[in-house]
Amino acid sequence: MSLRKRIVSGMRPTGALHLGNYHGALANWIAMQDNYDCFFFIADWHALTSDYEDAGGVLEFSRRMLIDWLSAGLSPEKSTLFVQSHVKAHAELFLLLSMITPLPWLERNPTYKEQMDALREKDLSTFGFLGYPVLQAADIIIYKAEGVPVGIDQAPHIEITREIARRFNHLYGKVFPEPATILTETAKILGIDRRKMSKSYNNAIYLSDPPESIRTRVSQMITDPQRARKTDPGDPEVCNVYTFHRIYSPASAVAAISQDCRSARIGCVECKKQMAENLIQALEPIREKHRYYNDHPKVVEEIIAAGDVKAAEVAKATLREVRAAMKL
Ligand code: TRP
Ligand code: SF4
């Protein structure tokens with residue numbers, strides 16, 4: 001038994017991960033591996049709640065995301081990495097929890113309404129989509145997690161999870177801890193068009209992008225919008241390129257760029273070139289592991305198979321307790 005606190009988190013399989021995903025979630029997970037008993041999984045059933053028409057894409061998206069997880073530094077030695085749909089006990093607990101979850105809790109869930117609005121082109125008036133937070137609650141409490149690292153957008157779901165756990169404990173006796181939300185800071189970097197970095201905006205730089213694509217993408221980045229000519233002084237504080245420099249360039253270079261931008265001694269083209277090279281260098285170890293895992297699909301399969309087994313053991317033990325508590 002581990003004495004470290006257990007945390008659980010999942011990601012819907014969106015395919016290759018971009019730097020926004022990395023700085024917004026994955027880097028945080030990687031950092032937590034040494035201090036927590038971590039269960040991280042690919043939420044492929046959750047992907048179906050909105051993408052059920054394209055169910056066939058989920059498998060390939062999961063594979064790509066998993067390779068990015070491993071390449072970026074999630075480690076099967078430190079964490080339990082698995083696929084939601086491989087651990088069928090999630091589905092049984094989801095069913096049992098659905099019996100005790102009042103409909104109004106789901107109907108008033110803010111993300112439910114927002115997503116319905118945001119994804120108008122999809123028909124989301126389904127049972128599965130409304131039940132999204134119940135499945136998420138099952139994902140979390142089946143491991144008796146004490147914490148859930150997520151972005152602020154997921155906070156309402158973790159709140160519903162606590163409510164469901166409390167209701168279960170009240171009805172049948174205490175089985176579940178109420179998990180805390182461990183808020184992840186949102187990524188500071190933006191997409192190349194200065195909007196939130198997102199696959200659907202086509203403004204992203206991906207973890208596994210080859211150097212040539214990174215150079216092109218960086219050269220297309222919008223800088224300080226007030227700086228029209230090279231002779232105009234710029235303001236690095238409002239420039240997304242500068243934000244990247246802060247993460248990927250050495251401190252001395254960052255200080256120099258800040259000064260030279262303000263005094264118009266450096267042009268944006270040159271500034272971007274420097275940043276692109278530093279970014280390319282920083283991502284090289286990830287690209288290298290990416291090549292390895294891509295060439296060794298068996299290794300990836302074995303990692304997941306081992307994680308599935310570890311997760312299933314814990315999940316099955318919880319379900320035995322659940323059935324006993326409910327006298328089933
Ligand atoms: N809903 C989460 C998201 O879209 C993914 C998710 C599914 C999750 N189950 C979870 C996150 C359990 C944390 C814990 O990002
Ligand atoms: Fe941004 Fe660099 Fe241009 Fe300044 S010089 S506006 S920091 S890209």
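Asn202 is exposed, with a relative accessible area of 58%; exposed means over 50%, buried under 20% and partly exposed in between, with a 1.4 Å probe and protein chains only. Asn202 sits in the loop between strand E5 (180–183) and helix H10 (211–219). Helices (H or I, at least four residues) and strands (E, at least two) are DSSP runs, numbered from the N terminus. Asn202 is not a glycine, yet its phi is positive, about 55°.

Lys327 is not a glycine either and has a positive phi of about 60°. Lys327 is placed in the segment after helix H14 (297–325), and it counts as exposed because its relative accessibility is 76%.

## Basis of the model

This is a predicted model, in which local features need pLDDT of at least 70 and side-chain atom pairs count only at pLDDT 80 or more, while totals for chains, interfaces and linings use all residues. Residues are numbered from 1 along each chain as its sequence is written, chains are lettered from A and ligands numbered from 1 in the order in which they are written, and side-chain values use heavy atoms, with hydrogens and water left out.

## Ser75

Ser75 lies in the loop between helix H3 (58–72) and strand E3 (80–83). Ser75 counts as buried because its relative accessibility is 14%. A polar atom of the Ser75 side chain lies 3.1 Å from the backbone nitrogen of Glu77.

An N or O atom in the side chain of Asp139 is 2.7 Å from a nitrogen atom of ligand 1. A polar side-chain atom of Tyr132 is also 2.7 Å from a nitrogen atom of the ligand. For Arg12, an N or O atom of the side chain is 3.1 Å from an oxygen atom of ligand 1. The protein covers 92% of the 360 Å² of accessible area that ligand 1 has on its own, by the Shrake-Rupley method with a 1.4 Å probe.

## The largest nonpolar core

The largest nonpolar core has 51 residues. Such a core is a set of buried Ala, Val, Leu, Ile, Met, Phe, Trp, Tyr and Cys residues joined through side-chain atoms within 4.5 Å. Leu19, Leu26, Trp69, Leu207, Phe244 and Leu279 have the most contacts inside this core. Its largest share, 8 residues, comes from helix H13 (residues 268–295).

Notes: A polar contact is a pair of N or O atoms within 3.5 Å; within protein, one must be able to donate a hydrogen and the other to accept it, and residues adjacent in sequence count only if both atoms are side-chain atoms.
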